[in-house]
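Open the structure in your viewer and keep the selection tool ready. Each stop below says what to select and what is there.

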Amino acid sequence: MTQYYDDLETRTDAERARSLATQLPAVLARAKSRSPYFARVLAEFDPAAITTREALARLPVLRKSELSERQQAQPPFGGLTTVPVGELARVFRSPGPIYEPQARRPDYWRFARAMHAAGFRAGELVHNTFSYHFTPAGHMFEAGAEALGCPVFPAGVGNTEHQVRAIADLRPLCYTGTPSFLNIILQKADEMGADVSSLRKGLVTGEALPSALRERLQARGIVLYQCYGTADLGLVAYETEAREGLVVDEGVIVEIVRPGTGDPVPDGEVGEVVVTVLNPEYPLIRFATGDLSAVLPGKSPCGRTNMRIKGWLGRADQTTKVRGMFVHPSQVNEIVKRHPEVGRARLVVSREQDSDVMTLYCETAQPSEALADALVATIRDVTTLRGEVRLVLPGELANDGKVIDDQRDHG
């Protein structure tokens with residue numbers, strides 16, 4: 001029988017909904033009362049009434065791209081935290097710059113759950129190659145290992161020869177880091193004639209894990225699992241032995257929305273990952289990550305019952321510049337909203353005879369010349385640019401999350 005990290009992983013949908021109905025209003029109420037940002041954003045909302053995912057979807061989205069600007073205007077955290085800096089354990093800095101707080105709680109980023117699913121167990125030494133400098137990744141995985149009872153060798157990044165020697169000397173069983181760096185370590189070990197065969201399992205993130213690399217490492221006796229998280233949110237979802245998508249962490253609520261909006265899309269449709277983290281100290285509510293994914297319908301064969309997503313499928317920020325003007329996914333969605341006959345839409349930007357050309361492809365079951373003409377007028381109204389329209393039948397546009405497809409050769 002599969003071993004689970006805790007009973008939360010196998011709850012029924014009803015049990016999870018009841019828990020959400022208690023936790024979500026409490027987090028929102030605390031945020032509204034203690035965070036200047038959320039006091040303003042939630043001014044017209046009653047936290048006690050936000051008890052379901054449907055109610056949550058009515059709240060505004062906070063975009064990751066906004067954090068740096070907000071933090072510069074109101075340092076250090078843009079007014080989003082509910083505790084003073086003096087009560088934090090650490091503060092980190094990611095590119096942007098964006099500053100991330102760490103509260104004084106065990107396994108603050110909740111990575112122990114993903115590490116357990118990857119087979120890490122108490123007493124097993126973890127060779128952690130994530131950075132401990134500026135960014136939180138190193139501490140994220142160390143905190144997870146500590147929660148599991150795993151000792152950690154804080155290897156950090158780089159120094160490949162020293163990494164090899166440490167593995168050969170200490171004989172760790174577990175690896176955390178990027179898959180490509182593990183491959184580099186193994187190649188260096190082969191060059192040095194060093195025995196690093198103690199490594200048997202790994203939890204990797206930060207980049208794609210190609211199937212060829214996974215198979216090559218498995219041939220060497222190393223079984224890898226993937227997880228998805230961010231410096232702001234911590235763990236979002238993780239791979240299990242079922243190898244079917246990523247199971248959403250029990251400490252977050254994940255929505256998949258149409259890029260440029262906060263509107264949830266049907267299960268299976270590619271959209272932007274929006275996450276609410278049930279974190280009392282840094283309550284990120286409907287945080288738009290800028291990453292694309294899709295809900296994988298059904299339950300995991302491993303027995304875990306939470307929602308699954310397909311993993312990272314690209315970036316949602318498809319803003320581009322046409323004839324000197326920025327065009328945003330939100331503008332495409334504004335055009336669609338004005339025409340109920342239109343389902344999905346995609347703006348294709350191309351170049352003809354050294355001139356930019358915009359063509360809006362729209363799915364509709366009611367194609368007509370009148371609709372096409374109306375859409376042309378709306379494009380000009382919303383973007384101030386001239387665009388062409390092509391009407392297609394429902395289902396003809398690719399389900400890849402693209403709202404703007406820039407096909408120009410930018411050299």
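**The largest pocket**

The largest pocket holds about 1000 Å³ of space. The model you are looking at is predicted. To find the middle of this pocket, select Thr205, Gly206, Glu207, Tyr228 and Gly229, which lie nearest its centre among the 40 residues that line it.

Next, select β3 (98-103), α6 (137-148), β8 (223-230) and β13 (287-293); each supplies at least two residues of the lining of the largest pocket. Of the elements, β8 gives the most to that lining, with five residues. Colour the lining by residue type: 17 residues are nonpolar, 13 polar and 10 charged.

**The second largest pocket**

Move on to the second largest pocket, with a volume of about 440 Å³. Its lining has 22 residues, and Arg16, Ala17, Leu20, Arg53 and Asn306 are those nearest the centre. Select α1 (13-34), α3 (53-56) and β11 (252-257), each of which supplies at least two residues of this lining. The most comes from α1, with six residues. By type, the lining of the second largest pocket has eight nonpolar, six polar and eight charged residues.

**The cysteines**

A disulfide needs two cysteine sulfur atoms within 2.5 Å. By this rule the count is zero disulfides. Select Cys150: the nearest cysteine sulfur, that of Cys174, is 5.7 Å away, and Cys150 is in no disulfide. Cys150 counts as buried because its relative accessibility is 5%.

Cys302 is buried, with a relative accessible area of 5%.

Methods. Residues numbered from 1 in each chain as written. Predicted model: local features only at pLDDT ≥ 70, side-chain atom pairs only at ≥ 80, totals over all residues. Heavy atoms only, no water. Buried < 20%, exposed > 50% of the residue type's maximum accessible area, 1.4 Å probe, protein only. 1 Å grid on protein atoms, 1.4 Å probe; cavity = no way out; pocket = protein on both sides within 12 Å on 5 of 7 lines; lining within 4 Å. Points joined across faces, edges and corners; volume = space filled by probe spheres on them. Helix = DSSP H or I, 4+ residues; strand = E, 2+ residues; numbered from the N terminus. Nonpolar A, V, L, I, M, F, W, Y, C, P; charged D, E, K, R; others polar.
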